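Student: I would like to learn how to read helix packing, sheets and chain symmetry in a model. Could we begin with the handedness of a helix crossing?

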2 protein chains.
Amino acid sequence: MSSFLNGRLPRRATIYEVGPRDGLQNESRTIPTADKIAFIDALSETGLQAIEITSFVNPKWIPQLADASEVSRGIRRRPGLLYSALVPNRKGLDAALAAGMTEIAVFLSASETHNRKNVNKSISETLAAFEEVIEPARAEGCRVRAYVSTVYGCPYEGDVDPRKAVELTLTLRQMGVYQVSLGDTIGVANPVQVERVLDLVLAQVPPEQVALHFHDTRGAALANCLVGLSMGVTTIDSATGGLGGCPYAPGASGNLATEDIVAALHSMGIETGIDLDRLVAASQQIAAFVGHELPSKYLKAHIGARTRADTRADKGRAQQA
Amino acid sequence: MSSFLNGRLPRRATIYEVGPRDGLQNESRTIPTADKIAFIDALSETGLQAIEITSFVNPKWIPQLADASEVSRGIRRRPGLLYSALVPNRKGLDAALAAGMTEIAVFLSASETHNRKNVNKSISETLAAFEEVIEPARAEGCRVRAYVSTVYGCPYEGDVDPRKAVELTLTLRQMGVYQVSLGDTIGVANPVQVERVLDLVLAQVPPEQVALHFHDTRGAALANCLVGLSMGVTTIDSATGGLGGCPYAPGASGNLATEDIVAALHSMGIETGIDLDRLVAASQQIAAFVGHELPSKYLKAHIGARTRADTRADKGRAQQA
């Protein structure tokens, strides 16, 4: 029997790195601005095509990213690489534009309760508020992306109707958003569900207008990406090292690790343009900054294999001495 | 775009639990016999259909499993549940039969170098030696399974010709083995490669004579299982908690965690007969015995969510007080 993959995988995929924003905003330790800039600059040298560097939100909400303007001004921008930042409202947009951002992202949830807990508005109020962000941003030549959270499940409501993702994707596209990232915020998506949601969404919009955003809380993120890739979606959000954790389960994995998805893509012959060794170096750098081990499995295997080689080399030297 | 997973996935899958053997043989700490028996007895109450409990190998090779006979005699055997043990030679078979085993497993590698490092014989010498194990076992009414290691990559030789898996599967079937488990010993398999190998193997043998055995070293085990399931293979080897580690990269994940695959299967509507809560309880029991955290992502998310609920409950009490 032939598998479902046969001939369906793309030759190239785009990684949208969200570690500096989606990762660091969940760290209990606030990273010094210079360390964030060093991390983003290291990421810029890996071959990544898109990096979300920060969030222009009220520092009262997310003090970890209070230095958004300084980070945006401080990084070394590599030509051709797309730098983006999260923006919740007109004030955030103005700050982002003033700091030189040329791409922003807006965000909302597919479930009412999560949306209200997150931004203190209903979904329709949130969409209405986007009007004072999206159009003004585009008028300034700034591209706008959108995140839809809790597409595959809500920590408060449980199951989420897949038609919600379709409806929001269409609305956001009509408002001028170029790509909608469908987020599995709590890491409960499974491959069959991903197929069901994408079947509905891709009946309405072309695959390049959609991005995959999975959390690896239950270890299913790569399997979920495989389904999305085989359906023609080629943009995948991920965070270096698996930075971020899961806010609903301390110690559990959050974002899919960039190393894990890049290693998997390369092993299947799918190009990303990313140098995996440089990515691992950037990952080890930010692991030192945040002060704890990162959940990426590829990273752990890489460190473990190197430790073993070092031990061997040490033994070799000892025997020669 | 049309659905592709839908209709290809089975309604039911069988988990072949290998934690007590493949997991514990890689632990640096030797677990007391009574603790092993308690662990296996707990696993027997989860709804698992098959458990590999130990290995009748020379204790000089694997001192962790020197108590194979005591374990086999000490466990509470649940009717209908299949208990198996690894057997390397006639001496091991005799000990296994004497201890009441009714299923054994033989093992070899798909790459010459790994096979020689592992059992100090060539592949053809190993197959020849199986003759004094497989036929005598079957004559005693004992079923025989086989593991083929390094099917997807060898730590010494690198790439392994997929035709090797086909050739060995056919030979082992002809020798009387009822099922061949195709092992990704170092966790380097990717979904495209799994499709390629299984395409060749399943052209020669029916899917029920093959089992999937992936290590989660790079986090791709669930994605690899999804490909195998979609091709009709319904037996999956895994280890509770992800016990076992990777001998080639200290700290990295070894066997696919039983919790992770069972949670994924159930979420896709595929039955296993396993009670996930009982499995998690058995996992936490063995984690205490081995004295370190286990890599299962589902387990970590479960513990994290419970910790959070406990913290909330404590806060609630504090506010009420």
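Tutor: A crossing is right-handed if the near helix is turned clockwise from the far one by less than a right angle, and left-handed if anticlockwise. The model shown here is predicted, and in it the crossing of α9(A) and α9(B) is right-handed.

Student: At what angle do α9(A) and α9(B) cross, and how far apart are their axes?

Tutor: The axes of α9(A), residues 221-230, and α9(B) come within 6 Å and cross at roughly 50°. That makes α9(A) oblique to α9(B).

Student: Which residues of α9(A) and α9(B) meet?

Tutor: On the α9(A) side they are Leu222(A), Ala223(A) and Leu226(A), which meet Leu222(B), Ala223(B) and Leu226(B) in α9(B). By class, this contact of α9(A) with α9(B) has six nonpolar residues, no polar and no charged ones.

Student: How should I describe the relation between two copies of a chain?

Tutor: Two copies of a chain are related by a rotation about an axis and a shift along it. In this model, chain B is superposed on chain A by a rotation of 180° with 0.0 Å of shift along its axis, at an RMSD of 0.3 Å. The two copies are thus related as by a two-fold rotation axis.

Student: Which residue of chain B comes closest to the rotation axis?

Tutor: Ala223(B) does, with its C-alpha at 2.0 Å from the axis. Ala223(B) is also one of the α9(B) residues that meet α9(A).

Student: How is the size of an interface expressed?

Tutor: The size of an interface is often given as the accessible area lost when the parts come together. Here I give residue counts: 46 residues of chain B are in contact with 47 residues of chain A. On the chain B side, the elements that give two or more residues are α8 (191-202), α9 (221-230), α10 (258-267) and α12 (297-320). The largest share, nine residues, comes from α12(B). By class, the side of chain B that touches chain A has 24 nonpolar, 13 polar and nine charged residues.

Student: Why can one say that the copies meet through the same surface?

Tutor: Of the interface residues of chain B, 98% are also interface residues in chain A, so the copies meet through the same surface.

Student: Let us turn to the sheet. How many strands does it have in chain A, and how do they pair?

Tutor: Chain A has a closed barrel of eight strands, running β1-β2-β3-β4-β5-β6-β7-β8 with parallel pairing. Direction ignored, neighbouring strands of this sheet are turned by 25° against each other on average. In chain B, too, a closed barrel of eight strands runs β1-β2-β3-β4-β5-β6-β7-β8, with parallel pairing. Its twist averages 25° from one strand to the next.

Student: How many bridges join β7 to β8 in chain A?

Tutor: Three bridges join β7(A), residues 210-214, to β8(A), residues 235-238, and the two strands run parallel. His213(A) stands opposite Asp237(A) in β8(A). Helix α9(A) packs on this sheet, touching β7 and β8 of chain A, and its direction makes about 165° with that of β7(A). In chain B, three bridges likewise join β7(B), residues 210-214, to β8(B), residues 235-238, again in parallel. There Leu212(B) stands opposite Ile236(B) in β8(B).

Student: How are α2(A) and α11(A) directed relative to each other?

Tutor: An angle over 145 degrees counts as roughly antiparallel. The axes of α2(A), residues 33-44, and α11(A), residues 276-290, come within 9 Å and cross at roughly 170°. α2(A) and α11(A) are therefore roughly antiparallel to each other. The α2(A) residues in this contact include Phe39(A) and Leu43(A), and those of α11(A) include Ile286(A) and Phe289(A). By class, the contact has eight nonpolar, one polar and one charged residues.

Student: At what angle does α10(A) pack against α11(A)?

Tutor: α10(A), residues 258-267, and α11(A) pack at an angle of about 170°, with their axes 10 Å apart. That makes α10(A) roughly antiparallel to α11(A). Among the residues making the contact are Val262(A) and His266(A) of α10(A), and Leu276(A) and Ser283(A) of α11(A). By class, the contact of α10(A) with α11(A) has five nonpolar, three polar and one charged residues.

Note on methods: Residues are numbered from 1 along each chain as its sequence is written. Chains are lettered from A and ligands numbered from 1 in the order in which they are written. This is a predicted model: local features need pLDDT of at least 70, side-chain atom pairs count only at pLDDT 80 or more; totals for chains, interfaces and linings use all residues. Axes are lines fitted to C-alpha atoms, for helices over the stretch in contact, and angles run from 0 to 180 degrees between N-to-C directions. Helices (H or I, at least four residues) and strands (E, at least two) are DSSP runs, numbered from the N terminus. Angles under 35 degrees count as roughly parallel, over 145 as roughly antiparallel, 65 to 115 as roughly perpendicular and the rest as oblique. Two residues are in contact if their C-beta atoms, placed from the backbone, lie within 7 Å. Ala, Val, Leu, Ile, Met, Phe, Trp, Tyr, Cys and Pro count as nonpolar, Asp, Glu, Lys and Arg as charged, and the others, Gly among them, as polar. Two strands pair if DSSP finds at least two bridges between them. Copies are superposed by least squares on the C-alpha atoms of residues with pLDDT of at least 70 in both.
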